Amino acid sequence: NLVVFGEFKRGKTTFINALLGRNLLPSAVVPLTSVVTILRYGDAPQVEVEFLDGHREVTATEALRDYVTEKGNPQNVRQVKVVRVAVPSPLLRKGLQLVDTPGVGSVYEHNTETTRDFLEQVDGAILLVASDPPISRGECEFLMEMRPHVARLFVVQNKIDQLRPSEAAESLEFTEGVLCEVLGQGEVEVFALSAREALEAQQE
């Protein structure tokens, strides 16, 4: 399980879509993802919804929004435990599972708790932060909470396309400095990118 964590509206879902090269998971300008979504390899796209009472339903990818988003499934009224999506992606062919989690720190506290509850199942993690605003105190606190559960951690700074080159460099330097201090390391590598531009480039 390679899990993508971060505060709400950092672009986690768009980032995962960019990795897959397809606009599969729903994204929006408001806090969106409310249910843990696991993406794994399959010969054809398929969605399996597992509910808290144990029963499962298979549906089309177009119906994802009705189960995993705050708008389609407010306060998780549908009682969804987890959604698994089969994707014919070479990235997932050897057993890697990408996991999209609800953003922490949004107005929907249950989303933060859903993400915390998944920490025990993490093998590796990608912490997604933004370029503007740069890494926050809340993100640092969540990083320290998740760090004991994560064997391998990657940090991605998204949305660099929203800044001028000099501003992007300054933001990246700030994020690296904060992470070095928080993690107690002399050097931390941060991967800077624009998930939106990456997804658009793959689609074109």
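Begin by selecting G21, the residue that follows helix 1; its phi is positive, near 75°. This model is predicted, and that should be kept in mind at every stop.

**Helix 1**

Next, select residues 12-20, which form helix 1. Is this helix mostly covered or mostly uncovered? It is mostly covered, since eight of its nine residues are buried, and a residue counts as buried when its relative accessible area is under 20%. Colour K12, T13, T14, F15, I16, N17, A18 and L20 to display these buried residues. Around them, show strand 1 (2-5), strand 2 (37-41), strand 6 (98-100), strand 7, strand 8 (152-158) and helix 6 (195-203), against which the buried residues of helix 1 pack.

**Helix 1 with helix 6**

Two packed helices are described by the angle between their axes and the distance between the axes. To see the contact, show the side chains of T14, F15, N17, A18 and L19 in helix 1, together with A195, R196, A198, L199 and Q202 in helix 6. Sorted by class, this contact of helix 1 with helix 6 has six nonpolar, three polar and one charged residues.

**Helix 4 with helix 5**

Now move to helix 4 (residues 137-146) and helix 5 (residues 165-183), whose axes are 11 Å apart and which pack at an angle of about 40°. Helix 4 and helix 5 are therefore oblique to each other. Helix 4 passes helix 5 in a right-handed crossing. Which residues meet here? From helix 4 come C140, L143 and M144, and from helix 5 come V178, L179, V182 and L183. By class, the contact of helix 4 with helix 5 has seven nonpolar residues, no polar ones and no charged ones.

**L127 in strand 7**

Select L127, which lies in strand 7 (residues 124-130). Is L127 buried or exposed? Its relative accessibility is 1%, so L127 counts as buried. Leaving aside residues up to four places away in sequence, L127 touches F5, G6, L143, L153, F154, V155 and V156. For a distance exercise, pick the C-alpha atoms of L127 and E145: they are separated by 12 Å, and these residues are 18 apart along the chain.

**Backbone features in the loops**

Most residues other than glycine have a negative phi, and most peptide bonds are trans. With that in mind, go to the loop between strand 7 and helix 4, where P133 is placed. A cis peptide bond joins D132 and P133, with omega about 5°.

Then select Q75, in the loop between helix 2 (65-68) and strand 5 (80-87). Its phi is positive, near 55°. Q79 is also found in the loop between helix 2 and strand 5, and its phi is positive too, near 60°. Q79 is partly exposed, because its relative accessible area is 42%.

**Confidence**

Finally, colour the protein chain by pLDDT: the mean is 87, and 91% of its residues reach 70 or more. Where is confidence lowest, and where is it highest? It is lowest in helix 3 (residues 109-117), at a mean of 62, and highest in strand 4 (residues 56-59), at 96. Where pLDDT is low, the predicted coordinates should not be read in detail.

Definitions and conventions. Residues numbered from 1 in each chain as written. Predicted model: local features only at pLDDT ≥ 70, side-chain atom pairs only at ≥ 80, totals over all residues. Heavy atoms only, no water. Axes fitted to C-alpha atoms, helices over the stretch in contact; angles between N-to-C directions. Helix = DSSP H or I, 4+ residues; strand = E, 2+ residues; numbered from the N terminus. Parallel < 35°, antiparallel > 145°, perpendicular 65-115°, else oblique. Left-handed = near helix turned anticlockwise from the far one by under 90°. Contact = heavy atoms within 4.5 Å. Nonpolar A, V, L, I, M, F, W, Y, C, P; charged D, E, K, R; others polar. pLDDT = per-residue confidence, 0-100. Buried < 20%, exposed > 50% of the residue type's maximum accessible area, 1.4 Å probe, protein only.
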